[in-house]
Amino acid sequence: MTAPTEQDTPAPEPFGLGSSPLRTDALPKALGIYPYAADLWAEGLLWGAVLRSPHAHARIVSVDTSAALALPGVHAVVTAADLASCPVPGDRPVLASEVVRHHGEPIAAVAAETPDTARLAASLVAVEYEVLEAVTDPEAAFNAAPLHPDGNLFRHLPLRTGDPEAVGEFVVEGLYQVGRQDPAPIGAEAGLAVPRPDGGVELHLSTTDPHGDRDRTAACLGLDPDRVRTVVTGVPGAATDREALSFQVLLALLALRTGRPVKMTLTREESFHTHTSRHPALLRYRHHADAEGKLVKVEAQILLDGGAYADVSAETLAAATAFSVGPYTCPNVFVDAWAVRTNNPPAGRMRGEGALQTCFAHESQLDQLAKQVGIDPLEIRRRNAMATGDPLPTGQAVTCPAPVEALLDAVTELPLPALPVDDPEADWLLPGGPGGAGDPAAVRRGIGYAVGMVHMLGAEGEDEVSTATVRVSGDHATVICAAVDAGQGFATLARQIVQTTLGVSEVYVAPVDSDQPAAGPSARGRHTWVSGGAVEKAALMVRHQLLQPIAANFGMSVELLSIADGKITSYDGVLGMPVAEALEGKELWATAQCRPHPTEPLDENAQGDAFVSIAFCAMRAVVDVDIELGAVRVVDVTVAQDVGRALNPRQIEDRIEGAVAQGVGLALMENLRTEGGRPVNASLTGYRLPTALDTPDIRIAALLEERDVVATFGAKAVSAVPAVVAPAAVAAAVRAATGMPVGRLPILPEDAIAAV
């Protein structure tokens, strides 16, 4: 046998912050052996199914479950009457009782021996409806009869700052529409409920908020929270909340009613009906600028369609209002923003909620303004770029790094992509692909720019807190933190934090359940900051426990010792001890919390310090458009992003690429269409998603590292802001190619057809 050569020896895995180790779940997911919630099983399993309303708005006259209960194999049928004695968090019932407010709203749920029996039994529940007129136009909601006891207006924010009489030499106006983008999770929405001997229930879910699900489920069922346990199982990735409240509660209720485990796996159509989507928006803007293109005044009216229930419409509206001008300075801003109730599908949390809708509008306005003033679209953005210390229209000073001008400079540094060559394969590179490109002479190339911003963490006084425990025993460490890794890579980051702080290479991140201290939901980049901060604090406490006796033996303070490359060394070089040796025979642990600085609600004039911090991104999009057919191909997207500190560069790039793809989807194809409130394309054949052939080359021009001094490690959230900016950049490029105004997302073929 020959000795292994240098080429045969595997390279050591990257170690600690700043490196790019492989995700722990990457290989099992790639091999198809990762256990998802849809794979769950239990002895004595029953299957759940839900009857949903075929109407967008109706009064329920009666519900008859007798035929369903008589079907062999059916063990339980539940309706709103089974939940009547318990309060429902928020304004959305688990099961509709008197009124149905959107198509697909749950009416009854069934548990049976097989999935087919459960679905058949659900269809046998007889419901008599009195169909009511559906309010599907958000503008009509203001004067329509109340659709809910809470009324039709979720929130109104009138923002007033500066001189209302101010005018500019140049004035441009625009009307913009943003469609209903659905998160369209590829992984099935599924879960399992198991009754417990103490009368409680254990929920196995692919949730992003285990403690929130536990508390809301317990409240709906009239149970103490400690009698409901949520176990996070196989989250396949999430750009929004994984399941609606009714899903968890119905699983738990059926398990308690039957005394047996109950599993539910939603069909693709049900999935579209169950989870929330992005808020459709109607935005009217008027921009004033002086002769140099500097903004003088921005006026806007923003209308968000929240659908049937409130969910996060109020906070989405706050973001839309605060970021209505974008990452630019303007002394005079006057905005009226509303979020209203309709009989459309409920809207909720989705990457960059609120900020995306306004980004499309304010970037479209700047393109118009640049044309009027007679300057380059890049130049007008540079002249108005926000910098650190500048105020938002809400009066809050932007104290974090705001390198907007540097980001704009970065996206121009990479060369533009080459034009398609004239060869037999070139038709693959033209809009529409082979056989659908039309006349190659009708193809025009356009280049567009956009800049956007998002807030991080909760806003308007929301208490952000996370707890983590770090245990070290021998040569390995364990992290216990209820932060769900929904694709953002928190588990990998937690390992890197402990590796850097303690010099221990083997770090295990425990599975998440609600018996652990709360860490909050996976949203708005909060786990990098809040949960990562908790892990770091706990690891630093363990580090002190480890180093304190060593420092005492050498008559020095702990601060004079450092840990690097698996070794403890002193400032003078006298001490050089492997970490493994120092840990031998010891077991150390610590628990810590992280809570960022507080924020405050916006007041009646939409003023206040509502946000913890802000992240920025700039993009250049290159598109080819067949101006006769209206076919669009996104050729290239170049990204420069403000990341604070790149804790895992490869993971950051992956997240940016995914977010850009999602933004391109909204720009060109994604729209959950409704007729009379009923979704008409609720399938993965009807709801078009970008494939690998639709995704452009995505190049990272810069990951700008200006550390945010109040953030954990100085890092910023990375996955929301590219999704916010990409649609606006693509629209700008189509506008440049065609000369057409492009006032809606997604861009339809008729929007990209230009007079030849």
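## Two hairpins in a row

Asp565 takes a positive phi near 55 degrees in the hairpin of β20 and β21, which has two residues between the strands. The model is a predicted one, where local features need pLDDT of at least 70, side-chain atom pairs count only at pLDDT 80 or more, and totals for chains, interfaces and linings use all residues. Residues are numbered from 1 along each chain as its sequence is written, and side-chain values use heavy atoms, with hydrogens and water left out.

Strand β20 (residues 561-564) pairs with β21 in the antiparallel sense over four bridges, and Ser562 stands opposite Thr569 in β21. Strands here are DSSP runs of E with at least two residues, helices are runs of H or I with at least four, and both are numbered from the N terminus; two strands pair if DSSP finds at least two bridges between them. On its other pairing, β21 meets strand β22 (residues 576-578), again antiparallel, over three bridges. There Lys567 stands opposite Pro578 in β22. The hairpin of β21 and β22 has five residues between the strands, and in it Gly573 takes a positive phi near 80 degrees.

## Salt bridges across the chain

How many salt bridges does a search of the whole structure find? The search finds 39, where a salt bridge is a side-chain nitrogen of Lys or Arg within 4 Å of a carboxyl oxygen of Asp or Glu. In one of them, Arg341 joins Asp91, with the closest N and O atoms 2.9 Å apart. Arg341 sits in the loop between β15 (332-340) and α8 (355-373) and Asp91 in the loop between β3 (74-79) and β4 (99-100), so this pair ties together parts that are 250 residues apart in sequence. Both partners are buried: Arg341 has 1% relative accessibility and Asp91 has 11%.

Asp463 forms a salt bridge with Arg595, whose closest N and O atoms are 2.8 Å apart. This pair also links distant parts of the chain, with Asp463 in the loop between β16 (443-456) and β17 (466-473) and Arg595 in the loop between β23 and β24, 132 residues apart. Arg595 is partly exposed at 47% relative accessibility. In another pair, Arg216 and Asp209 have their closest N and O atoms 3.6 Å apart; Arg216 is partly exposed at 30%, whereas Asp209 is buried at 15%. Finally, Arg23, Asp25, Lys29 and Asp485 are linked in a network of salt bridges.

## A negative patch and a buried alanine

Glu600, Asp603, Glu604 and Asp609 gather in a patch of negative charge on the surface. Patch residues have over 30% relative accessible area and no salt bridge, with like charges joined within 9 Å. Asp603 lies in the loop between β23 (587-594) and β24 (613-626) and is partly exposed, with a relative accessible area of 32%.

Ala184 is found in the loop between β8 (170-178) and β9 (190-195), and is buried at 6% relative accessibility. Ala184 and Phe272 are 88 residues apart in sequence, and 7.1 Å apart in space, C-alpha to C-alpha.

Terms used
Patch = residues over 30% accessible without salt bridge, like charges linked within 9 Å, V, L, I, M, F, W, Y side chains within 5 Å. Areas by Shrake-Rupley, 256 points an atom, 1.4 Å probe, with all protein chains shown as cover. Lys, Arg positive; Asp, Glu negative; His and termini not counted. Charge placed at Lys NZ, Arg CZ, Asp CG, Glu CD. Buried < 20%, exposed > 50% of the residue type's maximum accessible area, 1.4 Å probe, protein only.
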